[in-house]
Structures are given as structure tokens and as C-alpha cells.
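Let's work through some exercises together, one step at a time. Keep the sequence and the model open beside you as you go.

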Amino acid sequence: MKSRNWVFLFITTLLLGIGCAIVAGLISQFPQSGGVKEFFIYILGLVGFGALFSVFSQMGFFAYLTVHRFGLGIFKSQSLWNGVQIVLIIVVLFDLFYLRYTAFHKAGQSLASYSLIPIGVLVLGLAAAYLKQKQTNKGAFVPTLFFIIVVTTMEWVPVLKTNAPSAMWMAFAALGACNTYQILMLHRLINQNTGTKSKTSAV
């Protein structure tokens, strides 16, 4: 991929993360008091928050591209590597429920509230993987699902540990949007370099 495409991806992902953080922040915790100055300070805080998690997203994306190539090289088979990724997806989804439940559950709370996060991540992953498969080929489904679920969760862990709903959903909005955008843009940017409309991309 050409350097200009990397720059384009970086800038657009950064702006997307900032925009999603601002929207999620205003929806989840709109300032109820203070003047214009306090409001703009809050917006600046959301800008910084979104930019930070956008960078986390991009670091995770490039790290996964490297890990994916190593995985294919180590297991010598895409089907075997896909099987390993599916197992890891199941483990991460279970841990998203179980570890949060054991760490934060209080008497009287329902199990349903701890199921929302893994269900939400799974739905996002399935939607992104379906779109990626439609735009490229069937081989891209599992890697995309793995990236959206496992890598997004790893990037999300610092905020999940706080159990602060507003911060959790702002981070998820930024990470989910940025990761989905990057994985769906990758083959388009690669195709721009080759001047083709190939559907052979496995990620």
C-alpha cells in the first residue's frame, strides 16, 4: 500500500474516532450545568478521548495484520488458523461476560446487564464480517470476525476495568467504528494500488 493511502487511512480513522466519541459522549452524558466555556472544555475532552482510542484502534489493526500473517505461516493452513481464531473468539466472548460478572456483580443485579456487552460486540463482529465477505470472499469472514471481537475487546480492556458506563460506551463507539472502517477499507486501498477490483483479500 502506498504511503498516501496509509496517511488517508490514518486521518480518516482519526476523524471518525473523534466524531463517534463526541456523539456518544453527548448522548450518554450531556452536560446539564455550566456555561459555554464548560461545554467546550467537555467537547475538547471528548476530542482527546476519541483521538486516543482511534490511535489504539490503528495500532491494534496493524498489529493484527502482522499476527494474521504469522498465524498463516505457523499453521500452514487457512482452515486450521481459522479454527484457532474461532476458539479464541468464543473464549473472549465468554470472558467478557464471566470476568465482568465476577468483578462487578452486586446482589440484585440481573445477568442480562452483563450479557449486553458480549452480545453487542458479537453483533458488530458478525455485521462487519458479513460485509467484508460480500465485498471480498468467504475467506475473509473469520479473520474479520476475530479482528472486530478479539482485537476490539483487547483495546477496550482499560475502560472495561473502570466499569464506568459513559466511558465504556464512548470507547466502544470509537473503537467499533474505527476497527470496522479500517477492515472494510483495507481491500479498497490495496485495489487502488493494483488498479484492479480483486476479491482475493483474506482480511
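**Exercise 1.** Decide whether Lys76 is buried or exposed.

*Solution.* Start with the cut-offs: buried means under 20% relative accessible area, exposed over 50%, and partly exposed in between (1.4 Å probe, protein chains only). Lys76 has a relative accessible area of 73%, so Lys76 is exposed. Finally, check the backbone: phi of Lys76 is near 60°, a positive value in a residue other than glycine.

Two notes on the model before you go on. This is a predicted model, in which local features need pLDDT of at least 70 and side-chain atom pairs count only at pLDDT 80 or more, while totals for chains, interfaces and linings use all residues. Residues are numbered from 1 along each chain as its sequence is written, and side-chain values use heavy atoms, with hydrogens and water left out.

**Exercise 2.** Work out how Asn163 is classed by its accessibility.

*Solution.* Asn163 has 27% relative accessibility and therefore counts as partly exposed. Asn163 sits in the loop between α5 and α6 (165-194). Its phi is near 55°, a positive value in a residue other than glycine.

**Exercise 3.** Find out why the end C-alpha atoms of helix α3 (residues 78-104) are 38 Å apart.

*Solution.* The expected span is 1.5 Å times one less than the number of residues. The buried residues of α3 include Trp81, Ile89 and Leu96.

**Exercise 4.** Identify what Thr144 touches, leaving aside its neighbours within four places in sequence.

*Solution.* First, Thr144 is found in helix α5. With 0% relative accessibility, Thr144 counts as buried. Contact means heavy atoms within 4.5 Å, and on that basis Thr144 meets Ala128, Ala129, Lys132 and Ile183. Then widen the view: among the α4 residues that meet α5 are Ile117, Leu124 and Tyr130, and the α5 residues that meet α4 include Phe141, Ile148 and Trp156.

How values were computed:
Helix = DSSP H or I, 4+ residues; strand = E, 2+ residues; numbered from the N terminus.
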